[in-house]
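Take a look at the model below.

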Amino acid sequence: AEKKDKEYVWHPFTQMQDWSTRPQKVIAAARGVKLIDTDGNQFYDGVSSLWVNIHGHRKAQIDKAIIDQLGKVAHSTMLGLANIPAAELAEQLVGIAPPGLNKVFYSDDGSTAVEVALKMAFQYWQHKGKPAKQKFITLEQAYHGDTVGTVSVGGIDLFHRVFKPLLFTPVHIPSPSCYHCQLSSDRTTCGMQCASVLEQVLSEHHAELAGLIIEPLVQAAAGMLMSPPGYLAKVRELTQKYNVLLIADEVATGFGRTGKMFACEQEAVAPDMMTLSKGITGGYMPLAATLTTDEIYNAFLGGYAEKKTFYHGHSYTGNPLACAAALANLRIFRDEKVIEGLGPKIEAAADKLQTIARLDYVGDVRQCGLIIGIELMQDKARKIPFPWEQAAGSRVCLTARQYGLIIRPIGDVIIFMPPLASTVDEIIEMLAIIERSVRESLE
Ligand code: PMP
C-alpha cells in the first residue's frame, strides 16, 4: 500500500513541508486512542485524526449504530424526502445548541457548513430588503475551510494568498492573539484593543455588512491563537448593536474540545448561526450542520413562488449512516458524562504544559480545554522564530512519531488535540513524548 500511495495519492497539505518524500505511515487499523500501521506499530492519535475523533477509535456504540443503520438504509436524498436519523439528530442538536438556534441545515464537511452559513447570511439580507448588506467581517488569520467561499473569508497567507484573484473580499480585523498581540505590548494592560478595532469597523461599515464569522475562543488552523477572555461576548454584543449576523464556526471547537459542549457556552454567547462538523460523528464519517435561528429560516419562507428558496444542497446531505453515528456520539456524551469528566484531563495537561513551557525553544504554550498549541521559538526571550527552512515544527513531530505519537505542526506550532477519551495517564504520556521530542530535535 505504501508504494501505491506514493505513486497515486496526492495528499492534502503535505508537499509544502516535503512530507511527501518522507515515509508515510499506512494505517491499517485503530483501537481506542491508538492507530496501528501495516507493520503493527501503534501510535497515539495525538491529533484525533485531524481533530475529529472524540471517544477513541472503534467505539462499540458508534460501530453498532452504523451497522444497525446499514441494515435499514445507507442513504436517501434530503431533497423532498426525510430520514429518521437526520430528523432525530436535528432535534438533539437544537436541544444542546446555544438558545435560539432552532433549525438545522445539513451538509458534508466543515467547509460546506461554513459555505452554507455565508450564503444563507447573504441571501437573508436580500430577503429582508437590505441588499447592500453583502460583506463579511473576518479575522486576519482566520481559517474556515478550503472551498472558494471559505477561502475568501480566510486569512492565512500561506494557504490563501495564491487564490486571491479568485475570491470575494471581506473586511479583515486583527486576530485577537494575546501572545502575538501588536495592539498592546503588555498583556496586563490588554484593555482588549482588538474589540475596539472591531467596534470602529462595525460603526463605519455596518450598512454593508451581512455577517461576522469567527472561530470562537481559538483560531485553530492559525496555530491555536487564543482570544482574551470576554472577547467573544464583546463580539456578540457589538454585532447585535450594529445589526450584523454572528456566525460562530465551531467546526474545530465544538463537541467538548474546549471543556464545554460548544465554545460559545464559555462566554454565554448565542450566535445567529453556528457551523458544526469534525466531532459531530465522533470522528467516524463526514457530516456537517449549519444551525440557525427561526428569524433567518422564516426569511426564506415563501419558497419557490416568491423565489426565496435557498438554492443549496449536496448529494449526501443528512446521510442516514452519518446521522446514526452522530446520534450515537451524542448518546455517549450523555451516558458516559464526557464533558463532566474532562476537568482532571484538562488540569493534567495544564500541569505538564508548565514543564514544557520552561524548555529553551518553547516560546508559548496555549491551552483551551483539550486544544493545545506549543509555539517554538529560536529565541524565546526576544520572540524570534526559527528560520522557516529549518522546519523546526516538522522535525519535532517526526521525532514524536518515532516515540509512538502522531502529531502535526502548523508552522512551528505543535498542535496537540488528543481524543477526549484519552485518560489522564495517556495525556501525560503523550505530552512527555512531546517534551522529549522538543528536547531531542532542537536542543
Ligand atoms: N472551520 C474550522 C474552524 C476548521 O478548523 C476547519 C478544518 N480544520 C474547517 C472549517 C473546514 O473543515 P473541513 O476540513 O471539514 O472542510
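Which four strands form an open sheet, and in what order? The order is β13-β14-β17-β16, with antiparallel pairing. Strands here are DSSP E runs of at least two residues, helices are H or I runs of at least four, and both are numbered from the N terminus. Two strands pair if DSSP finds at least two bridges between them. β13 and β16 (408-410) are the edge strands, each pairing on one side only. From one strand to the next, the twist averages 25°.

Before going further, two notes on reading the model. This is a predicted model, where local features need pLDDT of at least 70 and side-chain atom pairs count only at pLDDT 80 or more, while totals for chains, interfaces and linings use all residues. Residues are numbered from 1 along each chain as its sequence is written.

Now follow the strand pairs. β13 and β14 run antiparallel and are joined by six bridges. Glutamine 367 has isoleucine 372 in β14 as its bridge partner. The hairpin of these strands has two residues between them, and glycine 369 takes a positive phi near 65° there. On to the next pair: four bridges join β14 to β17, again antiparallel. Isoleucine 372 has phenylalanine 416 of β17 as its bridge partner.

Two helices pack on this sheet. α12 touches β13 and β14, and its direction makes about 170° with that of β13. Helix α13 (residues 392-402) touches β14, β16 and β17, and its direction makes about 170° with that of β16. Contact means C-beta atoms, placed from the backbone, within 7 Å. Axes are lines fitted to C-alpha atoms, for helices over the stretch in contact, and angles run from 0 to 180 degrees between N-to-C directions.

How enclosed is β13? Six of its seven residues are buried, so β13 is largely enclosed by the rest of the structure. A residue is buried with 20 or more other C-beta atoms within 10 Å of its own, exposed with 12 or fewer, and partly exposed in between; the C-beta atoms are placed from the backbone.

Step back to the domains. The assignment gives domain 1 (2-54 + 339-442) and domain 2 (65-335); such bounds come from an automatic or database domain assignment. Their centres, taken over C-alpha atoms, are 26 Å apart. The contact takes 23 residues from domain 1 and 22 residues from domain 2. On the domain 1 side, the elements giving two or more residues include α12 (342-357), β13 (362-368) and β14 (371-376). β14 gives the largest share, four residues. That side divides into 14 nonpolar, six polar and three charged residues. Ala, Val, Leu, Ile, Met, Phe, Trp, Tyr, Cys and Pro count as nonpolar, Asp, Glu, Lys and Arg as charged, and the others, Gly among them, as polar.

Turn to helix α3 (residues 60-70). Its buried residues are Ile62, Ala65 and Gln69. Seen down the axis of α3, they fall within an arc of 60°, so they line one face of the helix. The arc is that of the directions from the helix axis to the C-beta atoms. An α-helix has 3.6 residues a turn, so residues three or four places apart point the same way. What covers the buried residues of α3 includes α4 (84-96) and α11 (320-335). The face turned away carries the exposed residues Ala60, Lys64, Ile67, Asp68 and Leu70.
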